[in-house]
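Welcome! Please take a look at the structure first.

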Amino acid sequence: MEAHPEVLDGLEHWRELPRVQQPTYPSQPALDAAVKDLAAMPPLVFAGEADKLTERLAEASRGDAFVLQGGDCAETFAHNTADAIRTKIMTILQMSAVLTYGASVPVVKMGRMAGQYAKPRSADTETREGVTLPAYRGDAVNAHGFTEDERMPDPQRLLRSYHASASTLNLIRAFTYGGFADLRRVHEWNKGFMRNPAYARFEVLAAEIDRAVRFMGAAGVDFEAIKTVEFYSSHEALLLDYERALTRIDSRTGQPYDTSAHFVWIGERTRQVDGAHVDLLSRVKNPVGVKLGPTSTVSDAVGLAEKLNPEGIPGRLTFITRMGAARVREALPVLVEGVRDAGIPVVWICDPMHGNTITTENGYKTREFSSILDEVKGFFEVHSALGTVPGGLHVELTGDDVTEILGGAEELDETRLAQRYETLVDPRLNHQQALEMAFAVAEMLRD
Ligand code: PEP
Ligand code: CO
């Protein structure tokens, strides 16, 4: 089916609107050439998959599923290796198994993966020892090294992001359809995690899960039949040229889909209701998200809901709240109530990372594991008090043993941050901390 001409015109409307957080490219013709190449590339995901995710998210909005969205703050070309991708998927699957038990509902698995290459920044430039250069905006824009050459935005990087995303998705599909996600295998990994005495306080829960898995086997559950899982891709839809070039018309329905990922979200810095980001995503049919920080007002949230989900489709819109542990209990209730009273269905997801970032005396950007958990706890408390549904979690994590976040049962302290601090932007939970979080949240869900 062809798209209606008005639909096609609408997809260009963002160009007339204020847009923030876009790179300043040195050459417009070079950008145009890259965008033209991108527009000719095959889609990365398919409309039917995005629609399926909308259904899953609708289940989460009713409390019949729980969302786990996780991955790097910023993926990088250099770390886009088979090992890094495999351990990230493994971490998300392990967490999902624990959360499925805690929540007693299926977990919708979404990676901040296969496209998370662009970052909003609080300043346009960075100054070091008197030298000022453009800020690093993610591998889709420029390189992290502090030289003029590396920091110059290069539109060919949009194409590299596309190809990197395609190869990541290829591995994701192979892993999640090829037996890697078999619950029995995931359960064995979790038993390995529990052998560390640091996690003794989860022994009761771990034993219950073990008994549940054995019960499933005894009751004749066909593990072979359930060893493939749905695993969705997602990223912040920041670079409008990239997202527009990958927005395609579905031949079945004539409707536009952003085929760069199954789910795309708008960040806290780009969620202006009359801005270009909201306009472009209001016109695609994918499930979309918006981050809401502590300064969000009810009118911001309701305005966004009206613009992004005017038809009130369950699962279409997710609000990812990131208030900070200190503010979640006072800032979140008014937003949730306001949106509930407006009658537009949304999925509420908690991002306990971005409101809890601190800088240590020795200069590391980090987060306290305890603050992260406290924000999640506050999120559950608020929804429980209002009778609304806490739909899921959004976390920055890696499958590696990095040392970027303070605390956890292994008590990572400031002196250890230097050991393996690898993130180029925000600090991530390491593999152990991610699992510890899943066990702690499963306990909260059960209580
Ligand atoms: C992020 O998710 O990495 C991010 C930049 O978040 P926010 O838009 O909530 O600040
Ligand atoms: Co981040």
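The text below starts with the ligand and then turns to the pockets and cavities.

Please keep in mind that this is a predicted model.

**The ligand and its surroundings**

Which pocket holds ligand 1? Ligand 1 sits in the second largest pocket. The residues around the ligand are Cys 73, Arg 112, Lys 119, Pro 120, Gly 267, Glu 268, Arg 269, Lys 291, Arg 322, His 354 and Glu 396. Sorted by class, this shell has 7 charged, 2 polar and 2 nonpolar residues.

For Arg 269, a side-chain N or O atom is 2.9 Å from an oxygen atom of ligand 1. In the side chain of Lys 291, an N or O atom is 2.7 Å from an oxygen atom of ligand 1. Arg 322 also places a polar side-chain atom 2.7 Å from an oxygen atom of the ligand. On its own, ligand 1 has 290 Å² of accessible area, and the protein covers 97% of this.

**The pocket that holds the ligand**

The second largest pocket has about 510 Å³ of space. Its lining is made of 27 residues, and those nearest the centre are Pro 120, Arg 121, Lys 365, Val 425 and Asp 426. Pro 120 is also one of the residues around ligand 1. Strand β3, residues 125-128, gives the largest share of this lining, with 3 residues. By class, the lining has 13 charged, 7 polar and 7 nonpolar residues.

**The largest pocket**

How much space lies in the largest pocket? There is about 670 Å³ of it. Here 25 residues form the lining, and Thr 100, Val 107, Lys 109, Leu 183 and Val 229 lie nearest the centre. Several elements each supply at least two lining residues: α3 (47-62), α4 (82-103), β2 (107-111), α7 (183-194) and α8 (203-218). Of these, α4 gives the largest share, 5 residues. The lining of the largest pocket divides into 16 nonpolar, 5 polar and 4 charged residues.

**The cavities**

How many cavities of 30 Å³ or more does the structure hold? There are 3. About 170 Å³ of space lies in the largest cavity. Among the 15 residues that line the largest cavity, Asp 72, Ala 74, Thr 76, His 79 and Arg 428 lie nearest its centre.

The second largest cavity contains about 70 Å³ of space. Its lining is formed by Gly 115, Tyr 117, Ala 118, Ala 140, Leu 158, Ser 161, His 235, Glu 236, Leu 239, Tyr 242 and Glu 243. At least two of the lining residues come from each of α6 (156-177), β5 (231-236) and α9 (240-245).

**The linings side by side**

This table sets out the spaces with their volumes and the classes of their lining residues.

| Space | Volume | Lining residues by class |
|---|---|---|
| Largest pocket | about 670 Å³ | 16 nonpolar, 5 polar, 4 charged |
| Second largest pocket | about 510 Å³ | 7 nonpolar, 7 polar, 13 charged |
| Largest cavity | about 170 Å³ | 4 nonpolar, 5 polar, 6 charged |
| Second largest cavity | about 70 Å³ | 6 nonpolar, 3 polar, 2 charged |

To return to the ligand, the second largest pocket is where ligand 1 sits, and the protein covers 97% of the accessible area that ligand 1 has on its own.

Notes: Residues are numbered from 1 along each chain as its sequence is written. Chains are lettered from A and ligands numbered from 1 in the order in which they are written. This is a predicted model: local features need pLDDT of at least 70, side-chain atom pairs count only at pLDDT 80 or more; totals for chains, interfaces and linings use all residues. Side-chain values use heavy atoms; hydrogens and water are left out. A residue is near a molecule or strand if one of its heavy atoms lies within 4 Å of it. A polar contact is a pair of N or O atoms within 3.5 Å; within protein, one must be able to donate a hydrogen and the other to accept it, and residues adjacent in sequence count only if both atoms are side-chain atoms. Accessible areas come from the Shrake-Rupley method with a 1.4 Å probe; for residues, only the protein chains shown count as cover. On a 1 Å grid over the protein atoms alone, a cavity is a set of points where a 1.4 Å probe fits but cannot get out, and a pocket is an open set with protein on both sides within 12 Å along at least five of seven lines; lining residues have an atom within 4 Å of a point. A molecule sits in a cavity or pocket if more than half of its atoms lie within 2 Å of its grid points. Ala, Val, Leu, Ile, Met, Phe, Trp, Tyr, Cys and Pro count as nonpolar, Asp, Glu, Lys and Arg as charged, and the others, Gly among them, as polar. Grid points are joined across faces, edges and corners, and a volume is the space filled by probe spheres set on the points. Helices (H or I, at least four residues) and strands (E, at least two) are DSSP runs, numbered from the N terminus.
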